[in-house]
Amino acid sequence: MIAEIGHFALILACMMAVVQGVFPLAGAARGEASWMALARPAAQAQFAFIAISFAALTYGYVVSDFSILNVAQNSHSAKPLLYKITGVWANHEGSMLLWVLILSLFGAALASFGGNLPPSLRARAIGVQGLVGIAFLTFILFTSNPFERVDPAPFNGSGLNPLLQDPGLAFHPPFLYLGYVGFSVAFSFAIAALLEGRVDPAWARWVRPWTLAAWSFLTLGIALGSWWAYYELGWGGWWFWDPVENASFMPWLAGTALLHSAIVVEKRDALKSWTVLLAIITFSLSLIGAFLVRSGVLTSVHAFATDPKRGLYILGILIVAIGGSLALYAWRAPALRATGSFKPVSREGAMVLNNLLLTTATATVFIGTLYPLVLDALGGGKISVGAPYFNATFVPIMTPLVIAMALGPILSWKRGDIWRAFGRLKLALVAALGAVALSLWLDSARDILAAFGMALAAWLFVATLAELAGRIKLGRVGPAESLRRALGVPRAAYGMTIAHLGMAVVVAGITASSAWQSEVIRYMSPGQSALVAGYTFRFDGVSKGQGPNYTAELGTFSVTRGGRGVATLVAEKRFYPVQRRNTTEAAIHTTWLSDLYAVIGDAKGKDSFAVRLYHNPLVPWIWLGAMIMFVGGGVSLSDRRHRIGAPRRSANTGRTPVPTPPTAPAKA
Amino acid sequence: MAVSPGRRILFLLPVVLFLILATVIAFFMLSGRDPGLLPSTLINKPAPQFSLPAIAGWTKAPPGLTTKDLKGKVTVVNFFASWCVPCRAEHPQITALSSDKDIRVFGINYKDKSGAATAWLQRYGNPYARIGADLNGRVAIDYGVYGMPETFILDRNGRIRFKHVGPILPQHLREIILPVIRELKK
C-alpha cells in the first residue's frame, strides 16, 4: 500500500511538472500573468509529491518490505539501519528518485525564494526546471519504476554491495547530486535569459549564488567519493580517472569556469554569451554524466546495472535538452552584446584565461573519457584511456591556471598592471623558492617536478594571503585600521580567499602524495617487521571479529619510529556472507602531515598474510583542501549581497550602469 | 540588431559538435555492441590443437576429445566444471542444443576432480557426445578462456566462428546461439 502511494505520488509529481513546464513558459511568452503565477505552486507541489514518493521508498527499505522488487534486490533485513536508508539511493531506480527529489527541491527553492526576480524571468526559469523534471520523471515511470512489486516476495533480500556499506559512500551521492542537479538552476536561468533575449549584471547576480551552492556541494561530493576510494578500495590511491569519476569532474571544471565568468558579467557586463554557454554546458555535462553511468556505453567500476532501453531514453533526453538548448543558443545568443570593454591584462583578462584553461581541461577530460567509445563506434577497436594520458595533459593545463590564480585577484578591473601585480607578490615568489629548496632537500633532489608542484602550492597560498593583506592594508596602516578594514571586507571576498587557499592545500596534497608515496607489498608472519619511510611496522597477527552482517579478520600492526610508539593499526578484511563478498578496510593513522596506511590480504600457509603498507605524505591535505574550498563557497554564499539588494534591472537595453566593484583591489 | 554571418556560424558550432557526437553515440548504442565484451582473437581461426582423455574412473564416460573430432559438422564446444554455478544455469540450454542431430555438442571439463564431474553429469544428465578432461587447464589457456563457462561454435571445417562468454541463458540461446548455428549450417 505504502509503495503504491509512493508510485501514485510520483505520477502526480510528473503531472505537476507538466503544469510547471507548460503554463509559466506559455504565460511568459503571451504575457498572461495568471499563467506565470502557476509556476510557484506547481514547483512546490511537485517537490511535495516527490518527497512523499521518496519517503515511501525509504519506508519500504527501513521496514524491509521485500515485496518491493527494488528493496528485495538491494537490501537485507540484517543490514544496519544506516545502510538500509542509504540503500535507497545505492541502486539505479532509487538514485534516480533522489535525482528528481533534488531537482524539484531546487525548483521549489527557486519558486519560494525567487521573490526579487522579474516575474517573466522567474516564470521562465521555473518552467525550464519543470521541463527537465518531466524528462526525468517520465524516465523513472516508464523505464525504472522503483515501486515495482515482486510476487511471491522473497523471504529475505539479496543485500547491498558490501563496498557501498560505508559512511563515506553513504553520503557521497546526495552531495554529488546536490552539485550535479544544482547546476540545473544556472541552466534554467540561461535558457530563460535566452528566451528573454537579455543578459545583464542583475541576471548574473541571481545566477551566482545558485551556481556557488551547486559548486560547493559538488566539491564536497567528489571529495567524499575519492576519500572512500582511498580507504575502502585499499590500494593507497585516491583517484582512478575512471569514466564515472570523470563524469563528476567535468561539471566541476565547467562549473568552476562558470562561477568566475558570471563574476565578469555581474561586475563588468561582459562575457555574456560565453557565460550563458558555460551555464548550458555545465548542466549538459551533468546530464552526460548521468547518461554515461546508466546507459552502459562505458565500462566502469561504478556503472549501474544497465539496460539498453534506459540508455536510449536518456540519450533522447540529452538530444532534446542539450541539442535544444544549444540550438536556442545559436539562434538567440549572437544578439547579446557586451557593454564593458577591457584590456587583456586586467581582472577580466585573468578570468578569461581562467575560463580558457578550465574549458580546455574539461575538453581534455571529455575527450579522454569518450574517445574509447567513439573509436569503438567507428570500428577502430577496443582501447582504454588511463591515468598516463590524463596526467600528461591535465598537469600542464593546471600549472598556468594555478600561477594565474595568484595574479588574478590582484589585477585591477578593466586595465591592470602585470608588473605591479608581480611586485606585490614578492613574498609569494620567495615562498615558492623556499618550497623548491625544502622539497629538494627533503627528497635529496630526486624529483624536480614534485619540487615545482610544491612551489606552485606555496606560491598560490602566500599570494592569496598577500592579496587579503593588501586589501586590509596590513602593515601600511595601523593594526586598528587594518582590523576595521578586515571587518569591512565582504564575505564573498573572504570566500574567494578561503577557496583559493583550499586549492593551494589540494595542490600540495596531490603533488606530495603522488611523488613521495612509499609502498611495501610482501608476505608477513606475526612478529616480523617492515620498514616504510622510516616507520617500522610490526605485524602482531590476525584475530577474528564479528560485525552486524559480516565476519572480519583483523590484522594488527604496531608502528614505531626510532623506538617510539606511533600508532597501532588494525586493518580489516571483511566477509559478507549474504553476497559472499570480501571487502578491505584499510587501517589509517593520520598525522595530518602524512598517512600510515595498512591493508591485509589473503593468507598464505598457516599464519603468513599478504600485506600492503604505505606511507602517504600530505595525502590528508587533498580532502582538507576540498573541505576548505567547500567552506569558502559557504562563506561566500552567506554574503548578504547575494540575498538582498540585487541591482534593479535596467529598463531597456541592458546598458546597466556598472556598479563600482566594492571588492576593488586597494591601490597602493 | 544585425548580426554578421561569421558570428552566427561561431554560435552554431556548439550545437553542431554536440549533434555529431550524439549521432556517433546513438549509432554505437543501436549497433547493439556490448562495450564489456572483449573480442576473441581466435574468431575465424582454426581451433588450437589438443588431445584430451575421457573423464577417468567412470565406465559410462563419453569418449575423450581431440582436434580431429571437430571437423565435419557444426560443433559446439562448451567449457564447464562441476564447481561452476553458472554452468548449472546453462545446463538445460546445452541439453536442448544436444537434441539437434545436425550439430554436435562437445564438452571440455575444466580443472575438475573426475569423481565430482561424474557425479554432476549423473545428477543433471550428460548432454555431451564427447568430453575431454582438461585437468591442468592447458587447453582452456590455448582457447583464451578466462572464466567458466565459455562456449565456442565451430563451422564444418573446424574453424572457430563464435564465442560466448558466461552462461547461455534461454534468451541467449534464442537470440544469439541458435541464429549463429543456423547461419553455419547453411
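**Entry 1: helix α11 of chain A**

I began at A:Asp269, which follows directly on α11(A) and has a positive phi of about 55°. I noted that this is a predicted model, in which local features need pLDDT of at least 70, side-chain atom pairs count only at pLDDT 80 or more, and totals for chains, interfaces and linings use all residues. Residues are numbered from 1 along each chain as its sequence is written, while chains are lettered from A and ligands numbered from 1 in the order in which they are written.

Helices here are DSSP runs of H or I with at least four residues, and strands are runs of E with at least two, numbered from the N terminus. I then compared the length of α11 (residues 243-268) with expectation: at 1.5 Å a residue its 26 residues should span 38 Å, and the end C-alpha atoms lie 37 Å apart, which agrees. The expected span is 1.5 Å times one less than the number of residues. I found 25 of the 26 residues of α11(A) buried. Buried means that 20 or more other C-beta atoms lie within 10 Å of the residue's own; exposed means 12 or fewer, and partly exposed lies in between, with C-beta atoms placed from the backbone.

**Entry 2: nonpolar cores**

I looked up the nonpolar cores, that is, sets of buried Ala, Val, Leu, Ile, Met, Phe, Trp, Tyr and Cys residues joined through C-beta atoms within 7 Å. The largest has 193 residues, and A:Trp459 is among those with the most contacts inside it. Helix α10 (residues 201-232) of chain A gives the most to this core, with 19 residues. Another core, of 36 residues, lies apart from it and includes B:Leu52 and B:Trp120.

**Entry 3: the sheet of chain B**

I traced an open sheet of five strands in chain B, ordered β5-β4-β3-β6-β7, with mixed pairing. Strands count as paired if DSSP finds at least two bridges between them. Because β5 (130-134) and β7 (160-165) stand at the edges with a single partner strand each, one side of each has no neighbour in the sheet. Strands β3 (residues 74-80) and β4 (residues 103-110) of chain B are parallel and share seven bridges. I located B:Ile108 in β4(B) as the bridge partner of B:Phe79.

**Entry 4: A:Lys604**

Lastly I examined A:Lys604, in strand β8 (residues 594-604) of chain A. A:Lys604 counts as exposed because it has 11 C-beta neighbours inside 10 Å. A:Met524 is 80 residues away from A:Lys604 in sequence, yet their C-alpha atoms are 9.3 Å apart.
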